[in-house]
Amino acid sequence: SVLIDNKQRPPHLTAILIGDDPASNTYIKAKVKACDQVGFKSTVIKYPETISQEELLSKIYFINNSDDIDGLIVQLPLPKHLNSNIVTHAISHEKDVDGFHPINIGRMVLGLPCYLPATPFGITSLLEEYNIDTIGKECLVIGRSHIVGTPISILMSRNIQFGNATVTLAHSRTQNLKSLSLKADIIILAIGVPHFLKADMVKKDVIIVDVGIHRVK
């Protein structure tokens, strides 16, 4: 609203949606709704699942050079014939609002200003909203994906108010997981397996952030 009041154009977010995955459609609709609520301009570009990598990259490069577009998201997951690393890394780091580009990841590790991956940033915002004390606490992150697990382990260990925890990064191959989870004051679960964390694996008053969304019977 400040930008509009000062007769400047609002930020413009563009999202590229490939195929007709129901979850991806839901995420894109939520992003468009969020843009509407805060006064951002948004554009959704839809392509069939058969789009070639060359055509997709060409569109990304065009948007990288467009002065009218400030942020670009390519909704994941992509069809198997598209290389998600090549596609996401093709986005200019200055428009990479998902925070997946190596430059943004590197700046995050160094504690420099950058776009942060959305879900990890959402987790730290949630902890801040509920005023959860994290300083010096034992934080167990279960899951090591580059989208959630690895970046949130970095953010939770940084010397910031809602970080500063002692972080353990565990995953499906961790052998002593129950002993680690029973010690944890905060557990961030991002392993992609429903019902993975059992009642006998947590202590009283533990804070649990469940990242996974699973449709189960």
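The structure is a predicted model, in which local features need pLDDT of at least 70, side-chain atom pairs count only at pLDDT 80 or more, and totals for chains, interfaces and linings use all residues. Residues are numbered from 1 along each chain as its sequence is written, and side-chain values use heavy atoms, with hydrogens and water left out.

The chain holds 8 helices and 7 strands. These are DSSP runs, numbered from the N terminus (helices: H or I, at least four residues; strands: E, at least two). Along the principal axes, the C-alpha atoms fill a box of roughly 50 × 45 × 35 Å. Of the 217 residues, 38% are buried (under 20% relative accessible area; exposed is over 50%, partly exposed in between; 1.4 Å probe, protein chains only). Among contacts (heavy atoms within 4.5 Å) with a separation of 6 or more, 63% join residues 24 or more positions apart.

The largest nonpolar core has 17 residues. Such a core is a set of buried Ala, Val, Leu, Ile, Met, Phe, Trp, Tyr and Cys residues joined through side-chain atoms within 4.5 Å. Ile 16, Ile 18, Leu 56, Ile 60, Val 74 and Val 87 touch the most other members. Strands E1 (12–18), E2 (41–47) and E3 (71–74) and helices H3 (53–64) and H4 (84–90) each supply at least two residues of this core. H3 gives the most, with 4 residues. Beyond residues up to four places away in sequence, Ile 60 touches Ile 16, Leu 72, Val 74, Val 87, Ala 90 and Ile 91. A second, separate core of 15 residues includes Leu 127, Leu 155, Ala 165 and Ala 190.

Helix H7 spans residues 149–157. Its buried residues are Gly 149, Pro 151, Ile 152, Ser 153, Leu 155 and Met 156. They pack against helices H5 (102–110) and H6 (118–129) and strands E4 (138–142), E5 (166–170) and E6 (186–189).

Asn 25 is found in helix H2 (residues 22–38). Asn 25 counts as buried because its relative accessible area is 15%. Leaving aside neighbours within four places in sequence, Asn 25 is in contact with Leu 17, Asp 20 and Lys 46. Gln 75 lies 50 residues from Asn 25 along the chain, yet their C-alpha atoms are separated by 9.0 Å.
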